[in-house]
Amino acid sequence: MTVELMINFAVQFLGTLAVLFLAYRSFQKRRIQLGAEPTLPQYFIRRSTYWLGVASYCAFMAALYLLLTLQWLPLEPLITLIVKNLRSRELLDLLNGLDGTKIVPLITAGLFLFFIAWESKINPLLILRDNIHDAFAIPTKAVEVYNALIASRLSAVDEKLKEQIANRLLVSSIDPGDFDMSSATVEYKWAHNCLLFDRIQYYANQSSFRRLFNEPSLKWGEICISYNAMSEKVAVWKEAEPHYTKTVKLIKELDQLTGLLCRMLASLIVFGSASENDIWATVKQLGGNVHEARLKHTYKYILIFMAASAIGVILGREISVSLHNAFLFPDKPLAHFSYTTLRWMAYVMPMYVLPLALVFVSRTLAFRRQREQYDRYYGFYMTMMIMGFIVSTTVSTLVLELTFYRREYFNFLESFLDHMRWGILPALICGFVAYRMDTPVTESETLGNCLVNATLRFLGWGAVAVIIMLYATDDLIIQESNLRFTLVGTAFFVVGLLGASARFKTARADD
């Protein structure tokens, strides 16, 4: 091995170590915002999963650095030039040889190291880090547990636990009826804080959680001081005459304490639970709203919708062609299994499946930040319809203008308005799929009932598709015979199968 190769290897090795160190530090620096306080993420996931995420990010950054410095913008020519001229002591030749091809790789490598450590919202590497962070579900459970604890209803808490909490207070400041009062009252807020603090004390007595109580960012010492002071304040407030200003101030202080307690308890629950079922069982004991509509394996549903769309195009066009050739225009037959079928499949996928995939993504993001739980989220359904309409219409505009009409120049806004009719069906399907996500499948549903319900959804949505497609193709300029007939027939099967496939099984907390 030559001296140049050895030095190049050493430089690459040191550079890779620097990348691994900076990536490791960057991954650990990320904070999760729970309420008004940032929190370290490693308390919200099992250690093995957290370190797997760290290793994945560090390995990806190291691989990217090696590709950059070995393949795309190699440092080897610069190192060879430096070693060669230092050996011959021709410093002037060294300066003359430092052109752009040798300086740019060095500057790029330095910038890459800088971007790894640069904490900024516009840093692309940090955006990648956060995505890898989220891919391991590190902040997801934390936010869900925190929101569930914040919005918990104490009326659902076991009566024995309520008595136990009242008996442990140094200063008597809780009455039995406080747990059932309005959540906006001082009495309820203080009872809520007492419940949270009592549960935290359960973890404080276990040595395995000691490092969480010693973590400065979780502010356990501040919580204890504030809790003891608040106990006396609430007792004095109950004995005194009602005073609006003092009540408002006390409620504000109680809300601040609630946020700290929920953040601390969320860390303890997630860190100390062996499984997700244990997490939600603990949250349920504390009166937390457990989100039962958390879908698992969403990629399977996306694949099902893709298969339904493809099958719908094939069945719809081929059956429509058969009916056309047999009954309508036998003297002008259409070709079976032509290239048109493949083109329509390629067109239907982004038009229907892409907005449906965005529905799943939007639902996940919305549930992470949701505090209150309702039976139906009609605002979300309407939002998904609007999103599906915009996405599908945009796809229709781009695909039809660039492939079917083959216009070199077109006004996007005018074309968008002209193709709005093609976005109606995908919008309705997006709203229906979002609605069906909150209609969990019961375990007692038999195969026969499942098939009957799927058939009814197929026929119902097929009829809707026929009505809307007849309107959408009313003024269609037909370039080939009976294009409108095959479009309507294909839409019947595509939309009908998508409606029939909208059947979701959710993960319940008590499973």
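Of the 511 residues in the chain, 46% are buried. Buried here means under 20% relative accessible area, exposed means over 50%, and partly exposed lies in between, with a 1.4 Å probe and protein chains only. The model is predicted, so local features need pLDDT of at least 70 and side-chain atom pairs count only at pLDDT 80 or more, while totals for chains, interfaces and linings use all residues. Residues are numbered from 1 along each chain as its sequence is written, and side-chain values use heavy atoms, with hydrogens and water left out.

The chain has 20 helices and 4 strands. These are DSSP runs numbered from the N terminus: helices are H or I with at least four residues, strands are E with at least two. Contact means heavy atoms within 4.5 Å. Among contacts between residues at least 6 apart in sequence, 78% join residues at least 24 apart.

Start with one residue. T69 sits in helix 2 (residues 47-72). T69 has a relative accessible area of 1% and is therefore buried. Setting aside neighbours within four places in sequence, T69 touches Q12, P74, L75 and A109.

Now turn to helix packing. Axes are lines fitted to C-alpha atoms, for helices over the stretch in contact, and angles run from 0 to 180 degrees between N-to-C directions. Helix 9 (residues 186-204) and helix 12 (residues 244-272) have axes that come within 9 Å and cross at roughly 25°. Angles under 35 degrees count as roughly parallel, over 145 as roughly antiparallel, 65 to 115 as roughly perpendicular and the rest as oblique. The residues of the contact of helix 9 with helix 12 split into 16 nonpolar, 4 polar and 3 charged. Ala, Val, Leu, Ile, Met, Phe, Trp, Tyr, Cys and Pro count as nonpolar; Asp, Glu, Lys and Arg count as charged; the others, Gly among them, count as polar.

Helix 18 (residues 424-437) and helix 20 (residues 483-501) pack at about 10°, with their axes 10 Å apart. Helix 18 and helix 20 are therefore roughly parallel too. L425, I429 and F432 of helix 18 meet V495, L498 and G499 of helix 20. The contact of helix 18 with helix 20 has 5 nonpolar residues, 1 polar and no charged.

The whole structure holds 26 aromatic pairs. Rings of Phe, Tyr and Trp (its six-membered ring) pair if their centres lie within 6.5 Å; planes under 30 degrees apart count as stacked, over 60 as edge-to-face and the rest as tilted. Y24 and W51 are stacked, 6.0 Å centre to centre with 10° between the planes. Y24 lies in helix 1 (residues 3-29) and W51 in helix 2, so the pair ties together parts 27 residues apart in sequence. Y24 is partly exposed at 27% relative accessible area. W51 is also partly exposed, at 41%.

F209 and F271 pair edge-to-face, 6.3 Å centre to centre with 70° between the planes. F209 is in the loop between helix 9 and helix 10 (210-213), F271 is in helix 12, and 62 residues separate them. F209 is buried at 5% relative accessibility. F271 is buried at 17%. Ring pairs also link W190, F197, F213, W220 and Y227 into a cluster.
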